[in-house]
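Please find below my comments on the model under discussion. They are set out as numbered points, to be read beside the sequence and the structure.

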Amino acid sequence: MIHIKPFLDILATSKISILGAVLVTTAIGADAMLIIGELLIFESNPYIGIVAYVLFPGMAAFGLVLIPIGMLLRIRKSHHDPVGKLVRRVSRKHVFRLIFSLTLINFVIFAFVGYRSIHFMESAEFCGLTCHQVMSPEYTVYQRSHHAGISCVECHVGPGVGWLVKSKLDGTRQLAGVVFDNYSRPIQTPIHNLRPADHICGECHSEESYHGNRIKVIERFELDENNTQTFSVVNLRLGEDSDRGDGMRGIHWHSNEHHEIRYWSTDRRREHVVRVELVSKDGETRVWTRPGSENASGEAEQDNGHESMRVMDCVDCHNRATHVFVAPDKAVDALLADGTIDPAIPWIRSIAHEVITREYESHDDAIAGIAELPALYRERFADSWNKYADALEEIVPILQDLHTTYVYPEMKIQWNTYPSLIGHPTAYTAACFRCHDGVLVDEKGLQITNDCNACHYVLAEDEQDPMILRMLEDR
Ligand code: HEC
Ligand code: HEC
Ligand code: HEC
Ligand code: HEC
Ligand code: HEC
């Protein structure tokens, strides 16, 4: 038999236990209503989620811990006071039985809520919207990428318990950063403790997914009156079978399993590469160094407090796998190319670029600034304005949307804060040419290749009507 009454009697004599009991009952009661509501009535939403799956369960668990603590303290004190008698009436056996059965019930409740909590905390909405200002840039651009259907944790945590625990610890530290408002703006990249990408990207992408050549057409519009359109066409050599016994040739040669590429850089952004090693499976090593650089010996593991050696993986090229912050020139070119903005409007490429790349203090400030485009246009090109006044008004919201998608003044994310590492050097990153710049040499003086044809066949370069496009489009 389980005797509840004496148990409650002791409970009732301890303030700590009473507090615990109140916490447990209110939390469980309110949470039950919230969860039923969430399952049946309203759509899941991150704020309800936090309360239902983090806050209330935490409160209930805290209350559950308080109850026995209060009772134990009470029992210890009871030898000296009148309540002692009452306490001794309750045999230990009874207390344990009761605690055991209550724990069993709690176990079932917590298993259910815990399962829902984990499920909830792995959702993109939780990661993207909970720390609204902090993650909203990554969440917004991610929703427009090819990986939009994949939850944040598939890349940021990946399979395995060890990484789950590590991510929860990191997450707690980051949450503290948000609460105390001492996180960095913008969030610094590259992320130095990101999990090696082979375990992550490799879960979904096999070698076949990047095998073969891929034709890429780049459309540009000049900053002139006619917004002159040009095309470049390259055939990227993503991956080809190799006759050298090292798996694959071409761009994805770097990440094949026959070797490992290690590189040393002297800055946090890993831009200034001073040494590269190619270590094959059988231990053979080839080394390239940047003449005249310190640390090119590869001995120093740490430099200026930053890790300096890194094993190259997918993310050293695909740093913008899903958080694609497009550069402003490319963003405007894309709108002109697909006709969202009419390229027949004289000077539109130039003036659109001008208004979106001004530095604004906030989103609101940017919206107001971009709204001035028609007035600015009228001032400069009064003749064309007469003809295109309506079209110019329609362009305003398009450019405002573009700006709010890619620029976050509150997080100090400007255009080009997060450049892609794929391609030729720009003002913001040397991209592939961190290593392929023709300066790093091996002991024989041979460079890491910068032969155009190693990476791609160039089929047209900034031409207005390239023959190759006529052939491809069968015109
Ligand atoms: C397809 C894989 C993938 C998914 C899905 C993904 N991320 Fe990322 N994320 C990355 C990679 C790779 C980086 C590292 C970029 C670097 O180090 O330069 C990154 C970087 C970040 C950064 C640092 C800032 C930046 O833009 O580089 C934040 C914040 C972030 N992710 C949040 C999220 C959130 C929130 C979600 C879900 C809404 C998410 N990520 C989903 C791959 C992913
Ligand atoms: C959970 C599965 C999954 C994971 C993990 C994943 N991807 Fe993807 N990836 C996809 C899917 C699905 C597509 C879309 C394919 C399509 O649209 O044809 C895709 C598309 C891509 C593309 C081509 C489209 C584009 O955006 O350029 C690249 C490149 C890519 N992934 C790289 C990566 C990298 C790098 C990582 C690791 C940081 C990664 N992926 C992790 C599933 C995944
Ligand atoms: C961390 C240094 C590093 C970076 C960054 C890097 N590479 Fe390489 N790459 C190498 C090394 C080392 C080799 C081997 C030496 C050689 O072939 O001259 C190589 C070889 C290649 C090859 C020839 C592969 C073969 O089959 O022989 C191609 C193609 C290539 N890289 C393309 C790229 C592209 C494209 C990028 C940017 C998206 C890039 N690399 C970024 C270090 C790098
Ligand atoms: C040396 C740089 C480099 C490395 C390392 C690298 N990639 Fe790529 N990858 C590229 C480039 C460049 C492209 C072509 C991008 C474009 O279309 O502009 C590409 C394209 C892709 C595509 C799209 C193929 C298509 O047909 O569009 C996938 C998927 C992909 N990579 C996955 C991966 C995965 C997974 C890894 C790690 C195992 C990886 N890549 C490592 C440079 C790299
Ligand atoms: C280390 C590899 C590598 C080398 C070497 C290289 N490129 Fe490229 N190049 C790329 C990649 C990767 C892209 C695709 C960029 C993208 O996806 O936007 C590209 C794009 C291009 C484009 C079209 C895009 C544009 O911005 O106009 C042209 C044209 C081009 N390369 C010309 C050349 C020429 C000419 C050479 C030799 C002098 C050369 N490249 C050497 C990797 C390389």
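**Notes on helix packing and ligand shells**

1. Helix α11 (residues 328–337) and helix α12 (residues 348–357) have axes that come within 10 Å and cross at roughly 135 degrees. This is a predicted model. Angles over 145 degrees would count as roughly antiparallel, and α11 and α12 are therefore described as oblique to each other. The crossing of these two helices, α11 and α12, is right-handed.

2. Which residues make this contact? On the side of α11 they are P328, D329, V332 and L336, while α12 contributes R349, A352, H353, I356 and T357. Sorted by class, the contact of α11 with α12 comprises five nonpolar, two polar and two charged residues.

3. Helix α12 also packs against helix α15 (residues 382–406), at an angle of about 45 degrees and with the axes 10 Å apart. The crossing of α12 with α15 is right-handed.

4. In the contact between these helices, A352, V355 and I356 of α12 meet I395, L399, L402 and H403 of α15. This contact of α12 with α15 has six nonpolar residues, one polar residue and no charged residues. The reader may wish to note that A352 and I356 are listed in the contact of α12 with α11 and also in that of α12 with α15.

5. Turning to the ligands, 24 residues lie around ligand 1, of which C152, C155, T189, P190 and N319 come nearest. Helices α6 (124–130), α7 (132–143) and α8 (152–156) each supply at least two residues of this shell. By class, the shell around ligand 1 has 15 nonpolar, seven polar and two charged residues.

6. Ligand 4 is surrounded by 20 residues, and the closest are C201, H205, Y210, C314 and C317. The elements giving two or more residues to this shell are α10 (198–201), β1 (212–221) and β2 (229–241). The shell around ligand 4 divides into nine nonpolar, seven polar and four charged residues.

Definitions and conventions:
Residues are numbered from 1 along each chain as its sequence is written. Chains are lettered from A and ligands numbered from 1 in the order in which they are written. This is a predicted model: local features need pLDDT of at least 70, side-chain atom pairs count only at pLDDT 80 or more; totals for chains, interfaces and linings use all residues. A residue is near a molecule or strand if its C-beta atom, placed from the backbone, lies within 6 Å of it. Helices (H or I, at least four residues) and strands (E, at least two) are DSSP runs, numbered from the N terminus. Ala, Val, Leu, Ile, Met, Phe, Trp, Tyr, Cys and Pro count as nonpolar, Asp, Glu, Lys and Arg as charged, and the others, Gly among them, as polar. Axes are lines fitted to C-alpha atoms, for helices over the stretch in contact, and angles run from 0 to 180 degrees between N-to-C directions. Angles under 35 degrees count as roughly parallel, over 145 as roughly antiparallel, 65 to 115 as roughly perpendicular and the rest as oblique. A crossing is left-handed if the near helix is turned anticlockwise from the far one by less than a right angle, and right-handed if clockwise. Two residues are in contact if their C-beta atoms, placed from the backbone, lie within 7 Å.
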